[in-house]
Number of protein chains: 2
Amino acid sequence: MRDTRTELLLQAEILVRGRGYSGFSYADLADAVKIRKASIHYHFPTKTDLALALVAAYDARYDVALDAIRAGITDGVARIDAYGRLYLGGVEDDLGCLCAVLAVERGTLPEPVCTGIAAFFDKHIAWLERVLSEGIADGSVRGGILPSPSARMVVATLEGALLLERVLAGSAGFRSTLSALCDSLRSGPAG
Amino acid sequence: MRDTRTELLLQAEILVRGRGYSGFSYADLADAVKIRKASIHYHFPTKTDLALALVAAYDARYDVALDAIRAGITDGVARIDAYGRLYLGGVEDDLGCLCAVLAVERGTLPEPVCTGIAAFFDKHIAWLERVLSEGIADGSVRGGILPSPSARMVVATLEGALLLERVLAGSAGFRSTLSALCDSLRSGPAG
DNA sequence: ACAAATCTACCTACTAAATGGTAGCCAAGA
DNA sequence: TCTTGGCTACCATTTAGTAGGTAGATTTGT
């Protein structure tokens, strides 16, 4: 079976996103996958290896999603809205964003993992900056905003909103934050 | 001396905000405060007791700050801006928000701690909602926004921005996010 | 006033359980 | 036969927490 590794990545992601990187152990993961603890080391010799694989897989999934949004949607604000809805899975499963969770533990994080999550955020910010610039150019995003700070603000708002949902509960909160965010970017009569 | 306890709270807060709740140990704290590990248990019998005291102290500090902002500033957006600048200490010291860090680890968190951080966020959102409503009433905040979702959005944006700074580095990012946020709330010609 | 009792704030020295990780064995499939 | 993917059995270290002691301050009884 090839997919013990995949299963390990799946369950490890759930554990990290729900409890933090230092909040889960190989023993927890072994329980979840129903394999002996030592066998995990066959697939991921060290916990750092596992973390790196987790970030790489997560990042790759977002790459696909970002491309799909750009290809399937043309309106600037609708693209941002679709980007925001990518976080909804986390809200519904009561899991944080993998990279946000890891970012919080930066003080204990192996350096290469830290580099990986920085790249993740940089990539998202660059994507959003482009989407916002294009939106301003075609009039779908209001002209008063600056693409670079606003791109950062979009990521910050969504990451923060996801974080809040974990303690405040009820995805209504996330959705209303997302629409408040989109409203602030839309060109139109309001404002 | 009464302030071993205070020193413990101070150093524990730095450890939690930098490395997460499960990312620090009584041994780390003992090193930082230069007392023996077992002595910490005299002041805080369990790690949960310590976490609760940490949240209570943090929450109390914010209470003072929120009152001071409402007392000293009348303009709605200026109040939000001042609120945002409360996070700057964290940005400069490279520490996350205590409650955000704990929120990430909710899966392993003792339940009473979780209740405490939920109360923290609820309080901030309620405070912001009131500030926004008053701002709309006196014209300092633009009328198009809804106070409740926008209050949530403000907390989310700032928490997210602080989180991002920890991996992206340089407080310029946080400041620009804060001004983008304030711009989106200001009543005026733009939009 | 003064001695006995109690309290404060720390200590050394432990413990059981959990941590990430290693060594070496074994069954099945190419 | 050799690789794959598990296994048992260990390891040193670290974890939160406990037991019990002690020097010094404070309170109390006479």
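User: What pattern does chain A follow along the sequence?
Analyst: Chain A reads α-α-α-α-α-α-α-α-α-α, and its secondary structure comes to 10 helices and 0 strands. Helices (H or I, at least four residues) and strands (E, at least two) are DSSP runs, numbered from the N terminus. This is a predicted model, in which local features need pLDDT of at least 70, side-chain atom pairs count only at pLDDT 80 or more, and totals for chains, interfaces and linings use all residues. Residues are numbered from 1 along each chain as its sequence is written, chains are lettered from A and ligands numbered from 1 in the order in which they are written, and side-chain values use heavy atoms, leaving out hydrogens and water.

User: How many of the residues of chain A count as buried?
Analyst: Of its 191 residues, 52% count as buried. Buried means under 20% relative accessible area, exposed over 50%, and partly exposed in between, with a 1.4 Å probe and protein chains only.

User: Ok, helices. At what angle do α5(A) and α9(A) pack?
Analyst: Helix α5 (residues 76-85) and helix α9 (residues 147-168), both of chain A, pack at about 35°, with axes 10 Å apart. The axes are lines fitted to C-alpha atoms, for helices over the stretch in contact, and angles run from 0 to 180 degrees between N-to-C directions.

User: Which residues meet there?
Analyst: A:Ile80, A:Tyr83 and A:Gly84 in α5(A) meet A:Val154, A:Val155 and A:Leu158 in α9(A). Contact means heavy atoms within 4.5 Å.

User: New topic: how many aromatic pairs are there over all chains?
Analyst: The count comes to 17. Rings of Phe, Tyr and Trp (its six-membered ring) pair if their centres lie within 6.5 Å; planes under 30 degrees apart count as stacked, over 60 as edge-to-face and the rest as tilted.

User: Why is the pair of A:Tyr58 and A:Phe120 tilted?
Analyst: Their planes are at 40°, so the pair is tilted, with the centres 5.6 Å apart. A:Tyr58 lies in helix α4 (residues 47-72) of chain A and A:Phe120 in helix α8 (residues 111-138) of chain A, so the pair ties together parts that are 62 residues apart in sequence.

User: Are those two buried or exposed?
Analyst: A:Tyr58 and A:Phe120 are buried.

User: What about the rings of A:Tyr62 and A:Tyr87?
Analyst: Their planes are at 65° and their centres 6.4 Å apart, so this pair is edge-to-face. A:Tyr62 and A:Tyr87 are buried.

User: Which aromatic cluster do they form part of?
Analyst: One that includes A:Tyr58, A:Tyr62, A:Tyr83, A:Tyr87 and A:Phe120.
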